[in-house]
Amino acid sequence: MSDAALCGGLREAVEEILATMFFVDCVPRANGRHGEELIAARVDFEGHLSGSLRLRISRRAAHLMAADFLGEEAPELPASRTVEVVSELANMICGAVLSRIESQTAFRLGVPLASVESGPVADPGGAGEVYQADLPGGSLWVSFGFGEGNA
Amino acid sequence: MAYRVLIVDDSPAMRAFVRRVIQFSGFDLAACYEASNGQEALDLLRHEWVDAILTDINMPGMDGEEFLLRLSQDDVFRSIPAIVISTDATHHRRERLLAMGARGYLSKPFVPEALRAELESTLGEPA
């Protein structure tokens, strides 16, 4: 599989999920804003190919998205529920990317792990194909990679 | 006719989303129960009758495949239609779970209308 195919699959998956399940239109960007407070999530996968998806999203953007997803008022939504929604977002993106690029083989997703970054993060880090976008309230950064270094 | 639905998913966020979609889609819902894995769902089914089950696949403890297998092996539970809701949209997985007894398969992401249509189709109601 080419890097271009993986890059395209990642972009399509993120944009379709945000539009369909979160009713959010995102604007792709070349370089993410750094220094924001973030919620980070990671989903490992196994199968014909193994690796991981990593996601980081601005806390404010995540909070607004979570409130819409759950149908609750943003000011009343606990941070823990926002983290749950970010976990599910990472899970959905990982499954959607794998379904696009590994459509003929079985795969298994691990349990999403998510946490609030306690302070501003200078560099999100990670490896593999990267998709970055602006959302209402902040930015989104997703990487998807194969191999030991990403699992 | 109002229906009783069980949502089985380890993600509290996804359970809340599915419940909200059902409630606001106009589907005639009498009761909505939740379980975080297959074992919890089986325990609940021993006390509560439901008309349809919406289940995830990847769950800690008893996963969706084992849950479908246990439903199919039970003389009473096998009559309850189960619809899989999963991030896995591969043909391989869909065919496997339909062969195991799932009556429907909805891959994420999905539009709210698709969930209602799947429920109504499974329950024999007009979509």
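Modeller: A residue is called buried if 20 or more other C-beta atoms lie within 10 Å of its own, exposed if 12 or fewer, and partly exposed in between, with C-beta atoms placed from the backbone. Helices (H or I, at least four residues) and strands (E, at least two) are DSSP runs, numbered from the N terminus. This is a predicted model, in which local features need pLDDT of at least 70 and side-chain atom pairs count only at pLDDT 80 or more, while totals for chains, interfaces and linings use all residues. Residues are numbered from 1 along each chain as its sequence is written, and chains are lettered from A and ligands numbered from 1 in the order in which they are written.

Colleague: How many residues of strand 4 of chain B are buried?

Modeller: Strand 4 (residues 82-86) of chain B is mostly covered, with five of its five residues buried. B:Ala82, B:Val84 and B:Ser86 point one way, B:Ile83 and B:Ile85 the other way, and all are buried.

Colleague: Which strands pair with strand 4 of chain B?

Modeller: Two strands pair if DSSP finds at least two bridges between them. Strand 3 (residues 52-55) of chain B pairs with strand 4 in the parallel sense over three bridges, and B:Leu54 stands opposite B:Ile83. Strand 5 (residues 104-107) of chain B also runs parallel to strand 4, joined to it by four bridges; here B:Val84 faces B:Tyr105.

Colleague: What handedness do the β-α-β units have?

Modeller: A crossover is right-handed if, with the strands pointing away from the viewer, the path from the first strand over the helix to the second runs clockwise. Strand 3, helix 3 (residues 64-72) and strand 4 of chain B make a right-handed unit. Strand 4, helix 4 and strand 5 of chain B make a right-handed unit as well.

Colleague: What pattern does chain B follow along the sequence?

Modeller: Chain B has five helices and five strands, in the order β-α-β-α-β-α-β-α-β-α. Its radius of gyration is 13 Å, close to the 14 Å that the globule rule gives for 127 residues, so chain B is as compact as a globular protein of that length. The radius is taken over C-alpha atoms, and the rule is 2.2 Å times the number of residues to the power 0.38.

Colleague: How many residues of chain B are in contact with chain A?

Modeller: Two residues are in contact if their C-beta atoms, placed from the backbone, lie within 7 Å. By that criterion, 20 residues of chain B are in contact with 24 residues of chain A. The largest share of the chain B side, six residues, comes from helix 1 of chain B.
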